[in-house]
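The following paragraphs guide a reader who is new to this structure. Please keep the sequence and the three-dimensional view at hand while reading.

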Amino acid sequence: LYIPYTSPERKREAERSAAVIKIDGDRDYAGVVVASLSVLWGSSHDDLGGYHLVWTRDAVEAAFALITVGQVADASRILAYLIGTQAEDGSWAQNYFPDGRGYWSGNQLDEVALPVLLMAKLKAVGGLTLALPVEAMVKKAVGFIVRNGPMSDQDRWEENAGASPFTLTVTICALVAAAPLFASEERAYLLSLADCWNERIERWTYSTAGALCEVHGVDGYYVRVAPRAISGGLRGTIDVRNVAQRTIAASDLVGMEFLYLVRGGLRAFDDPGIVNTLKIVDSVLRRDTPSGPSYYRYNGDGYGEHADGSAFDGNGIGRLWPLLTGERGHYAVAAGGDARPYLEAMSRMTGPGGLIPEQIWDSAPIADFGLEPGKPSGSAMPLVWAHAEFLKLLAARANGRAAELLDAVTQRYGGKVPSAPTWHWRNNSPFSTIPRGKAILIERPAPFTLLISLDAAPGMAARQSTPTAFGLHGVSIGADELEQCKVVRLDFPVADNKSREVAEIAIL
């Protein structure tokens, strides 16, 4: 075990964190890491699932942490296990028992992208020799991302559909990381799609009209998640889970997801949008506890104990998450600051045995429930993801680099917004305007006929789609065709020819 140089106290916590990840493994299935050997608020109820299930996201977070402390073989076994539990369509179950049987049935795009990033990381550190099972896993996962992205049915908190800065970051990075494994045409397609999605991140997730702008003196900020365009996009609303009958404007909801844009190499730490949003979350989501600073998942969260300290029962009040203290510490490293205050805080947020919980208490003490400010609440403890975040932050403080950062991504983007030559138009991610000088690729999952009208051209020209890549079909409109054009009209006739789908794109 390699622990970066640190204080004796932080070293003990690091050793404990590595042990927690190992202990949360399984004797029968090599490579298994469950989210926690606990049931949430287990003193008040039992749960067949609890956290003693595998979440692909948590398992990959654990694998990245193991790599940072030299346990590359263990991380490789996690990847091998994930290869064995992948579905034929390229996805993974939302969560599953160690034998691979699914439990919940949600679809989360980040859980499809993260194993691809783990593959790339293992390859980069010399812990992986590409073999047919690895390549097959990557190609199936990438195919799923291409066909279903960029919108996800659930965000990383498993609550809402739409565009999340976290999910967008890991999916874009996965496409770039996987591209070298494909032949030239598919490789070019993946990079085109990644560039398009990267350039459009702000269109999907950056609000310039939200109420928080005036309150905090900024001209915009990244939201936690924005609904799909059909549900209003940034102008839509979000159903806040765990709070009875509550909806909130998507533009009023902020979280820590945007920090992964920096951590993954898509945006610079001093990007104005990042700085604006950091100013807001440090005011809205941060609380300074006796243990140190921590953060809420998002404003208005209901996932936590009730005000009187009684257990979460489907409703409650969201509490502070130590792993988010770690995420804030990673930004400090990227900005040239010191992660030590965040590491020390995470160390103090532990229970009597040094275990890091999912959540800590944020209110006055309640002796009847053993709740103390800055100390574990009744949620899961230990949380593998939190211990992984501690290890990764300790390593990042030592080497100045986030474990998830890949050379292929930094070389392609360098923290800057790209200018994609082609924008991919899809039903789940359409656009009504496009910068001049770009081509448009209209894509659908099955062959289709498209009627196109360019400005005042008489009539509409019919074009038949052709296969693009990964099972999709498309019609391309070249940049030269749009050079003198102001508006493109797209008309999709349906089989009975009695009704049509129509869209217009303005060329700016």
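Which side chain is joined to that of Asn 198 by a polar contact? In this predicted model, the partner is Arg 267, and the polar contact between the two side chains spans 2.7 Å. Asn 198 belongs to helix H7, which covers residues 184–199. With a relative accessibility of 0%, Asn 198 counts as buried, because the limit for that class is under 20%. Beyond its sequence neighbours up to four places away, Asn 198 touches Ile 172, Leu 266, Arg 267, Tyr 413 and Pro 418. One of these, Leu 266, is 68 residues from Asn 198 along the chain, yet the C-alpha atoms of the two are separated by 7.5 Å.

In general, the strands of a sheet pair through backbone hydrogen bonds, in either a parallel or an antiparallel sense. Here, S7 and S9 pair in the parallel sense over four bridges, and Trp 425 has Ile 442 in S9 as its bridge partner. Strand S9, residues 439–444, pairs with S13 in the antiparallel sense over five bridges. Within this pairing, Leu 441 stands opposite Ser 476 of S13. The pairing of S12 (residues 466–467) with S13 is likewise antiparallel and has two bridges; Thr 466 has Gly 474 in S13 as its bridge partner. S12 and S13 form a hairpin with five residues between them, and Phe 470 in the turn has a positive phi of about 60°. Strand S13 itself, residues 473–477, is mostly covered, as four of its five residues are buried.

Charged side chains provide another set of links, and the count of salt bridges comes to 30. In one of them, the side chains of Glu 199 and Lys 438 meet at 3.1 Å, N to O. This pair links distant parts of the chain, since Glu 199 is in helix H7 and Lys 438 is in the loop between strand S8 (433–434) and S9, 239 residues apart. Both residues are buried: Glu 199 has a relative accessibility of 16%, and Lys 438 has 6%.

A second salt bridge joins the side chains of Asp 338 and Arg 397 at 2.7 Å, N to O. Asp 338 lies in the loop between helix H12 (322–334) and helix H13 (340–348), and Arg 397 lies in helix H14 (residues 384–399), so the pair ties together parts that are 59 residues apart in sequence. Asp 338 is partly exposed, at 35% relative accessible area, and Arg 397 is partly exposed at 35% too.

Helix H14 also holds Lys 392 and Glu 389, which are three residues apart and are therefore separated by about one helical turn. Salt bridges that share partners join Glu 61, Arg 263, Glu 389, Lys 392 and Glu 404 into one network. The closest N and O atoms of Lys 392 and Glu 389 are 3.8 Å apart in their salt bridge. Lys 392 is buried, with a relative accessible area of 0%, and Glu 389 is buried with a value of 0% as well.

Note on methods. Residues are numbered from 1 along each chain as its sequence is written. This is a predicted model: local features need pLDDT of at least 70, side-chain atom pairs count only at pLDDT 80 or more; totals for chains, interfaces and linings use all residues. Side-chain values use heavy atoms; hydrogens and water are left out. Buried means under 20% relative accessible area, exposed over 50%, partly exposed in between (1.4 Å probe, protein chains only). Contact means heavy atoms within 4.5 Å. A polar contact is a pair of N or O atoms within 3.5 Å; within protein, one must be able to donate a hydrogen and the other to accept it, and residues adjacent in sequence count only if both atoms are side-chain atoms. Two strands pair if DSSP finds at least two bridges between them. A salt bridge is a side-chain nitrogen of Lys or Arg within 4 Å of a carboxyl oxygen of Asp or Glu.
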